[in-house]
Amino acid sequence: MKKVTAWEVAMGLTFAFMGWTGVHYGEMYRWGVPIMYPRIFGWVLIVVGVGIPVEAYIMRSRQNKDK
């Protein structure tokens, strides 16, 4: 089984948590400026957060398959 590094899992959890706060509260700010459509942007962050470890796993499994 291929490993997904702790860094990739941490990045994924961070993105998913930031996205969930935007979806839940309906407000997101970056450097004091409100983000347009925070709920949609929050869902995008959740998808990216889940996709990072999944993509890392898939890329590593394909890399060893070619050898």
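**Entry 1: Glu8**

I looked up Glu8 and found that Glu8 counts as buried, at 13% relative accessibility. My cut-offs: buried is under 20% relative accessible area, exposed is over 50%, and partly exposed lies in between (1.4 Å probe, protein chains only). This is a predicted model, and I kept its limits in view: local features need pLDDT of at least 70, side-chain atom pairs count only at pLDDT 80 or more, and totals for chains, interfaces and linings use all residues. Residues are numbered from 1 along each chain as its sequence is written, and side-chain values use heavy atoms, with hydrogens and water left out.

Glu8 sits in helix α1. I take helices (H or I, at least four residues) and strands (E, at least two) as DSSP runs, numbered from the N terminus.

Which residues does Glu8 contact, neighbours within four places in sequence set aside? I noted Ile52, Pro53, Ala56 and Arg60, with contact meaning heavy atoms within 4.5 Å. I also noted the backbone nitrogen of Thr5, 3.1 Å from a polar atom of the Glu8 side chain.

**Entry 2: the salt bridge**

I searched the whole structure for salt bridges (a side-chain nitrogen of Lys or Arg within 4 Å of a carboxyl oxygen of Asp or Glu). The search gave 1. The side chains of Glu8 and Arg60 form a salt bridge, at 2.9 Å from N to O. Glu8 lies in helix α1 and Arg60 in helix α2, so the pair ties together parts 52 residues apart in sequence. Arg60 counts as partly exposed, at 27% relative accessibility.

**Entry 3: the whole chain**

I read the order along the sequence as α-β-β-α, with 2 helices and 2 strands. Of the 67 residues, 19% are buried. Among contacts between residues at least 6 apart in sequence, 56% join residues at least 24 apart.

For confidence I used pLDDT (the predictor's confidence in each residue, from 0 to 100). The chain mean is 87, and 90% of the residues reach 70 or more. Helix α1 (residues 6-25) has the highest mean, 92, and strand β1 (residues 29-30) the lowest, 83.

**Entry 4: the surface**

I looked up accessible areas, from the Shrake-Rupley method with a 1.4 Å probe; for residues, only the protein chains shown count as cover. The accessible surface of the chain comes to about 5,500 Å², and 68% of this belongs to carbon and sulfur atoms.

Is Met36 buried or exposed? Met36 is exposed, with a relative accessible area of 64%, and is found in the loop between β2 (33-34) and α2 (38-65).

Technical notes
Polar contact = N/O pair within 3.5 Å; in protein donor to acceptor, adjacent residues only side chain to side chain.
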